[in-house]
Amino acid sequence: AGQMGSGHEHTRNFNEMIPTIRAVSRSRATIPLLSRAFSSSSTPSVAHGVRKLGVIGAGQMGMGIAHVAAQVAKLEVVVLDADKAKLDKSLSFMDSILAKNVQKGKMTEAERAETKARITPATDINKFDSVDFVIEAVSENPSLKQSLFKQLSTITPASTILATNTSSIGITLIGASSTRPEKVIGMHFMNPVPVMTLVEIIPSLATNDETLQRTLALAKAMGKTTTMSKDMPGFIANRLLMPYLNEACQALLEGLGTKEDIDATMKLGCNMPMGPLTLADFIGLDTCLAIMRVLHTELGDSKYRPSPLLVKYVEAGWLGKKTGRGFYTY
């Protein structure tokens, strides 16, 4: 009788939850609100104090960060990349986005010109000798990041905060390469940066509170909502997202369904904005593999083992949308 009563109680409670469940499934707009409520990190206690921002890497992430910093936060930005041709191409692409925003009435021609004027391209890291804050956005290579942070410690002013946009590599590990680990922090933007509102903030073991508060303030000035993660492999976003994408790869390998059926099932059955294999293509299969390898190596659990199919696609150079071929052809 006690179990029966408990069952009725659970049924009543579940029925009371149905309107809430339906409301959530109708609107993905609730998701950022849940993130905001989860984290107290959305209220910085100090100003960011940034006049000039340095961004390392002129790829999609780096240029997206520079774009938002210049347009929304109205900061002077120096974008560094060793490849001058890549810099020029990325700046041209950003200008085309700004031009479309003018055509759509989202900004004026004067605002477009002002945004462009705030961004200075550079191929020499010594141009960072007067920046107040650095955001590194190079590829997920621990050695490369450690080398950069070692250099930045000697080139930038002692007060400069050094942030990394890594999506999986430990902030404590990167910070240990610097002579000022207390000023090193993770600032994980989502792609595409001008569209996605979230930034994961990841303090290391050594990060001090001033660095954290100034980083939160900068993210807010850039129009972003923040959540905070411990310095653990994958942080929150990729600890949850990448195993999901990896499992979709494994399901395709095992013949559980076609790529179209796997993607359609998750879109139409689970209300995902896009299927997992399409999303993996957009992120880049090499990036997905790199993150899965970090999770597998650092956490040691077999559930993070990269799917052999994902490995083979990367070996073939089929990296997704950016190469014209991944699980789909573009």
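Just after helix α12, glycine 300 takes a positive phi of about 70°. Helices (H or I, at least four residues) and strands (E, at least two) are DSSP runs, numbered from the N terminus. The model is a predicted one: local features need pLDDT of at least 70, side-chain atom pairs count only at pLDDT 80 or more, and totals for chains, interfaces and linings use all residues. Residues are numbered from 1 along each chain as its sequence is written, and side-chain values use heavy atoms, with hydrogens and water left out.

The protein has 13 helices and eight strands. Of its 330 residues, 45% are buried. Buried means under 20% relative accessible area, exposed means over 50%, and partly exposed lies in between (1.4 Å probe, protein chains only). A contact means heavy atoms within 4.5 Å. Among contacts with a separation of 6 or more, 70% join residues 24 or more positions apart.

Helix α12 spans residues 285-299. At 1.5 Å a residue, its 15 residues should span 21 Å, and its end C-alpha atoms are 21 Å apart, which agrees. The expected span is 1.5 Å times one less than the number of residues. The buried residues of α12 are Leu285, Cys288, Leu289, Ile291, Met292, Val294 and Leu295. These residues pack against α9, α11 and α13.

The pairing of α11 with α12 can be described in more detail. The two helices pack at an angle of about 95°, with their axes 6 Å apart. Axes are lines fitted to C-alpha atoms, for helices over the stretch in contact, and angles run from 0 to 180 degrees between N-to-C directions. Helices α11 and α12 are therefore roughly perpendicular to each other. Angles under 35 degrees count as roughly parallel, over 145 as roughly antiparallel, 65 to 115 as roughly perpendicular and the rest as oblique. Ala280, Asp281 and Ile283 in α11 meet Leu285, Thr287 and Cys288 in α12. By class, this contact has four nonpolar, one polar and one charged residues. Here Ala, Val, Leu, Ile, Met, Phe, Trp, Tyr, Cys and Pro count as nonpolar, Asp, Glu, Lys and Arg as charged, and the others, Gly among them, as polar.

Helix α11 covers residues 276-283 and holds threonine 278. Threonine 278 is buried, with a relative accessible area of 18%. Leaving out residues up to four places away in sequence, threonine 278 touches Asp263, Tyr328 and Tyr330.

Helix α13 runs over residues 308-315, and its buried residues are Leu309, Leu310, Val311 and Tyr313. The cover over them includes α9 (237-253) and α12. Glycine 317 follows α13 and has a positive phi, near 85°.

Nonpolar cores come next. Such a core is a set of buried Ala, Val, Leu, Ile, Met, Phe, Trp, Tyr and Cys residues joined through side-chain atoms within 4.5 Å. The largest has 37 residues, of which Leu53, Val77, Phe133, Met187 and Phe189 touch the most other members. Helix α3 (residues 60-71) gives this core its largest share, seven residues. Leucine 53 has contacts that include Ala69, Val77, Phe133 and Leu218, not counting residues up to four places away in sequence. A second, separate core of 21 residues includes Ile262, Leu277, Val311 and Tyr328.

Lysine 116 lies in helix α5 (residues 109-117). Lysine 116 is partly exposed, with a relative accessible area of 38%. Aside from neighbours within four places in sequence, lysine 116 is in contact with Asp95 and Leu98. Lysine 116 and aspartate 95 are 21 residues apart in sequence, and 7.4 Å apart in space, C-alpha to C-alpha.

Several loops carry backbone features. A cis peptide bond joins asparagine 191 and proline 192, with omega about 0°. Proline 192 sits in the loop between β6 (184-189) and β7 (198-203). Lysine 74 is not a glycine, yet its phi is positive, near 60°. Lysine 74 belongs to the loop between α3 and β2 (76-80), and is exposed, with a relative accessible area of 53%. Phenylalanine 235 also has a positive phi, about 55°, although it is not a glycine. Phenylalanine 235 is found in the loop between β8 (225-228) and α9. Phenylalanine 235 is buried, with a relative accessible area of 4%.
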